[in-house]
Amino acid sequence: MMVKIIGITGGKGGTGKSTVATAIAHQLSKKYEVLLVDADVDCPNDHLILNLKRNEYKIVQQRIPTWNKDKCINCGLCGTVCKTNAIVNIPNKSPMFISTQCNGCGACFFKCPVKAINWTNKDIGKIYFNNQDKIHLLSGELKENEPVSEFIINSLNEIITKIVQNYDYIIIDTAAGTHCPVIAALEMCDEVFAVTEPTPLGKHDLEVILNLLVKLKIKSNIILNRSDIGDKKFIEVLSKDMKIDIISEISYSKEIVNNYANGVPIENKQINEITIKIIK
Amino acid sequence: MKKITILSGKGGVGKSSILASLAITISKEKDIICADCDVDASNLALVLGAEKQEEWENLTTNKEAVFDLTKCNSCKKCFEECYFKAIGWKDDKPYLKDFSCEGCGTCQIVCPQNAISLKEINNAKIGYSNTRYNFKVVSGQLNVGSSGSGKVVFKVRKKAEELSNNCNLMLIDSAAGIGCPVIASVSGTDHAIIITEPTPSGISDMKRAFKVVNHFKISCSIIINKWDINEINSGKIEEFANSKNISIISKIPFDKKFAKALTKMIPIIILDKNYEKIFLDIKEKLFKEIYKNEKI
């Protein structure tokens, strides 16, 4: 069978993305080969929810410039082209470099008139892989204080491309929000489930992410979590307006909260139904 | 003006809910302004029930490459050197892919034909709301699929500064995570409050948030939300706080009323008067932290 890549996202944080992603992966893994990808690289948690060990697989690096002070003529051009304020010009001296601000773009390298800039690398994160358990887990983690989360996602995407044929289903759990790292994580997906909650906040953030999915031309569905806490109308109206179906409603249960706090994936009727829809 | 950022790492632990009620409490004795720096999903104005934005202005914090194909000699240098793989190649000419250009200008520098320029793009809007609680909330919203959230966060903070007049306190609501927009929310502030919850994820993300705050040498305190859903995990948070010498300024019990407050767009402190005491206590402890070496 052809592999199917499913994205779990939602816009707002804490709506239950990881809870749903781990539950679906757990359910599917009973019959199929499943890879769960934790693409919330700022705050990866899927291994905690499933109690899975993570083995270090790869260190993700990013190139950064380094200055050959013998060649540098202190012209300051590198500092003027740096858009991320990583290079601070100092009169009559080689520039000062702030490594955590650098995104490796290369503008300084190419601008330098005397080829005084060379490349070196900095570590910006790690990729962990566990292929010993029933669910295989690929988990990315950004190093604290590094700004460019999407470089870690790009590295995850490269690995997924290499091992995609080993799996029936790949579940990609994204970060909250809608900016670069979320877009990078959604790019691989055949279909996306947006998990939300029945509050004005849930609705507001869901609308932003659904608009993004429309722009990306990815088939999307809504999962309404904690459907009985709040007012479902917020989401139902949006679903109608955007013609995107609410395919499942998961009601609040103390058991889910407890399981989450104890690191156990949830199993219930709604998760079963979502899984059946994915298999179809 | 003191600036305090609320962050959490993990999303949905109650940043905006807690900030809203804390802001109302503080506003009774100080002039304050709030900055919603979650520019992906700006919610603070909604939590405070301020639906109408007073004025929106479009914002340009990013540029993107534009190709003059009549000058292009198809040397492919721009395609090869773009570190963000934002340039595609079709019919022997470059084109810009969606959602990828960082506006770094490297392609412009390497092009031997001067065929590439950078054009400014509207990537966000920014505005403010007057709340019924006598303070303003400045918000930004990144356009769908645009990049540059860190820069938009700085603009929101700058706008809040411009509108702050005689305010003596700014409360900043950050996005989830610890990446670029969160770093932009935290840097250069006076104190950070990390909100967490007693789950394995909450604890792990709190520690990561702490590392970011610590990197910028910003003092911080912790609030444990829903502390009673798992007392063992709450104990672990307290152990961590002790080991790092951080004060836990409040432990808020789990209460379904928080969801009701969000649905009605009325902060919890207005919905249930019992919360007044809890937030007064948070305010007292917070002030002790931020005015440690000063007279209040």
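A: Let's start with chain A for orientation: its domain assignment gives domain 1 (4–60 + 124–279) and domain 2 (69–115), with bounds that come from an automatic or database domain assignment. The centres of these two domains of chain A, taken over C-alpha atoms, are 40 Å apart. This is a predicted model, in which local features need pLDDT of at least 70 and side-chain atom pairs count only at pLDDT 80 or more, while totals for chains, interfaces and linings use all residues. Residues are numbered from 1 along each chain as its sequence is written, and chains are lettered from A and ligands numbered from 1 in the order in which they are written.

Now to chain B and its sheet. In chain B, nine strands make an open sheet with mixed pairing, in the order 3-8-9-2-10-1-11-12-13. Here helices (H or I, at least four residues) and strands (E, at least two) are DSSP runs, numbered from the N terminus, and two strands pair if DSSP finds at least two bridges between them. At the edges of the sheet are strand 3 (55–59) and strand 13 (247–252) of chain B, each of which pairs on one side only. On average, neighbouring strands of this sheet are turned by 20° against each other, direction ignored. Such angles run from 0 to 180 degrees between N-to-C directions, with axes that are lines fitted to C-alpha atoms, for helices over the stretch in contact.

Strands of a sheet pair through backbone hydrogen bonds, either parallel or antiparallel. Strand 3 of chain B runs antiparallel to strand 8 (residues 124–130) of chain B, and five bridges join them. Within this pair, Asn58(B) stands opposite Lys125(B) in strand 8 of chain B.

Helices lie against the sheet too. Helix 8 (residues 231–244) of chain B packs on the sheet and touches strand 11, strand 12 and strand 13 of chain B; its direction makes about 170° with that of strand 12 of chain B. Helix 7 (residues 200–215) of chain B lies across strand 1 (2–7), strand 11 (191–196) and strand 12 (219–225) of chain B, at about 170° to strand 11 of chain B. Two residues are in contact if their C-beta atoms, placed from the backbone, lie within 7 Å.

Helix 7 leads us to the other chain. The contact between the chains takes 51 residues from chain B and 50 residues from chain A. On the side of chain B that touches chain A, helix 7 of chain B gives the most, with eight residues.
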